[in-house]
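Subject: Structure handover, with notes on the salt bridges

Hello,

Please find the structure below. My notes on its charged side chains follow.

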Amino acid sequence: QVQLVESGGGLVQTGGSLRLSCAASGRSFSYIASGWFRQAPGKEREFVAAINWNGAKTYYADSVKGRFTISREDAKNTVYLQMNSLKPEDAALYYCAAGSTGTDPRDYNYWGQGTQVTVSS
């Protein structure tokens, strides 16, 4: 069993940056693919980024490509999402997930509780 806890969300101005962290406990994060999703009010949960088990492959939604970077630090059992050039449309509750690199939330076995990102215009 893997427990995931996100942190790093907050309020930022348009064009600003945030780094989200996802810390795993319960078992090692090593060799587990992970991803980030987000959900804005009234919208479905959408894929943001994913990273494979060893960090060699990363995947991004077109809407964040070139602005967001996903990475992992297995020694700290943590996955990160560096978000730059934030836009108001990036505002959402961001979730960390583990178990896949897929774009469908149903592909993932484990989920965190989410961290809120608010972008002011």
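Which residue forms a salt bridge with D74? The partner is R72, and the closest N and O atoms of the two are 2.9 Å apart. Please keep in mind that this is a predicted model.

R72 has a relative accessible area of 15%, so it falls under the 20% cut-off and is buried. D74, at 27%, is partly exposed. Elsewhere, salt bridges that share partners join R38, E46, R67 and D90 into one network.

As for spacing, R72 and N54 are 18 residues apart in sequence, and their C-alpha atoms are 8.3 Å apart in space.

Now to the R38 and D90 pair. The side chains of these two residues meet in a salt bridge, with an N to O distance of 2.9 Å. R38 lies in strand β4 (residues 34-39), while D90 sits in the loop between β8 (78-83) and β9 (92-98), so the pair ties together parts that are 52 residues apart in sequence. How accessible are the two residues, buried or exposed? R38 counts as buried at 5% relative accessibility, and D90 is buried as well, with a relative accessible area of 1%.

Another salt bridge is formed by K65 and D62, where the closest N and O atoms are 3.1 Å apart. D62 counts as exposed, because its relative accessibility is 65% and the cut-off for that class is over 50%.

How many salt bridges are there by the rule used here? The count comes to seven. The general point behind such pairs is that side chains of opposite charge can pair when their charged atoms come close.

- R38 in strand β4 and D90 in the loop between β8 and β9.
- K65 and D62, joined by a salt bridge.

Regards

Key: Residues are numbered from 1 along each chain as its sequence is written. This is a predicted model: local features need pLDDT of at least 70, side-chain atom pairs count only at pLDDT 80 or more; totals for chains, interfaces and linings use all residues. Side-chain values use heavy atoms; hydrogens and water are left out. A salt bridge is a side-chain nitrogen of Lys or Arg within 4 Å of a carboxyl oxygen of Asp or Glu. Helices (H or I, at least four residues) and strands (E, at least two) are DSSP runs, numbered from the N terminus. Buried means under 20% relative accessible area, exposed over 50%, partly exposed in between (1.4 Å probe, protein chains only).
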